Amino acid sequence: MAARSQELAAIVSTRYGGAAERLWTEAATGGDLARRIQQLPGFGKQKAQIFVALLAKQAGVRPEGWQAAAGAYAQEGYRSVADVVDADSLARVREFKQQQKVAAKAAAT
């Protein structure tokens, strides 16, 4: 974990001049934003989609095409951490995740 944190800090320092917000403020499109996030250590496609949705829903960062880049996480509702703003929304996200697990298990059988 420490190595990943050091790698992340190095990327922010070298690519973004130490200003992490440049990662999203300079993204030309939603796809560009997702690509930039996926270049960070520990961020695959799904985490990048969630982060794009979080930036859009909670910070108003909405470059053109952010919905497509965020995939299902751009939808309204309580799907991920991008939708958590309080204890109630956290409970709703957990409920949604449980429903998804039950549905996946049912589909597998």
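Leaving aside its neighbours within four places in sequence, which residues is Ser89 in contact with? They are Tyr78, Asp83 and Val84, where contact means heavy atoms within 4.5 Å. The views below are of a predicted model, in which local features need pLDDT of at least 70, side-chain atom pairs count only at pLDDT 80 or more, and totals for chains, interfaces and linings use all residues. Residues are numbered from 1 along each chain as its sequence is written, and side-chain values use heavy atoms, with hydrogens and water left out.

**View 1. The protein has six helices and zero strands.** Helices (H or I, at least four residues) and strands (E, at least two) are DSSP runs, numbered from the N terminus. Along the sequence the pattern reads α-α-α-α-α-α. The C-alpha atoms fill a box of roughly 50 × 30 × 30 Å, taken along the principal axes.

**View 2. Ser89 lies in helix α6 (residues 87-108).** Ser89 has 2% relative accessibility and therefore counts as buried. Buried means under 20% relative accessible area, exposed over 50%, and partly exposed in between (1.4 Å probe, protein chains only). Of the 109 residues of the protein, 32% count as buried.

**View 3. The largest nonpolar core has 21 residues.** Such a core is a set of buried Ala, Val, Leu, Ile, Met, Phe, Trp, Tyr and Cys residues joined through side-chain atoms within 4.5 Å. Leu33, Ile37, Val52, Trp66 and Ala70 touch the most other members. Two or more residues come from each of α1 (2-16), α3 (30-38), α4 (45-59) and α5 (66-70), and α4 gives the most, with six residues. Leaving aside neighbours within four places in sequence, Leu33 is in contact with Leu23, Trp24, Ala27, Val52, Leu55, Val61 and Pro63.

**View 4. Ring pairs link Trp24, Phe43 and Phe51 into a cluster.** Rings of Phe, Tyr and Trp (its six-membered ring) pair if their centres lie within 6.5 Å; planes under 30 degrees apart count as stacked, over 60 as edge-to-face and the rest as tilted. By this rule the count comes to two aromatic pairs. The rings of Trp24 and Phe51 have centres 6.4 Å apart and planes at 65°, so this pair is edge-to-face. The pair links distant parts of the chain, with Trp24 in helix α2 (residues 22-25) and Phe51 in helix α4, 27 residues apart. Phe43 and Phe51 also form an edge-to-face pair, at 6.0 Å centre to centre and 70° between the planes. Phe43 counts as partly exposed because its relative accessibility is 26%.
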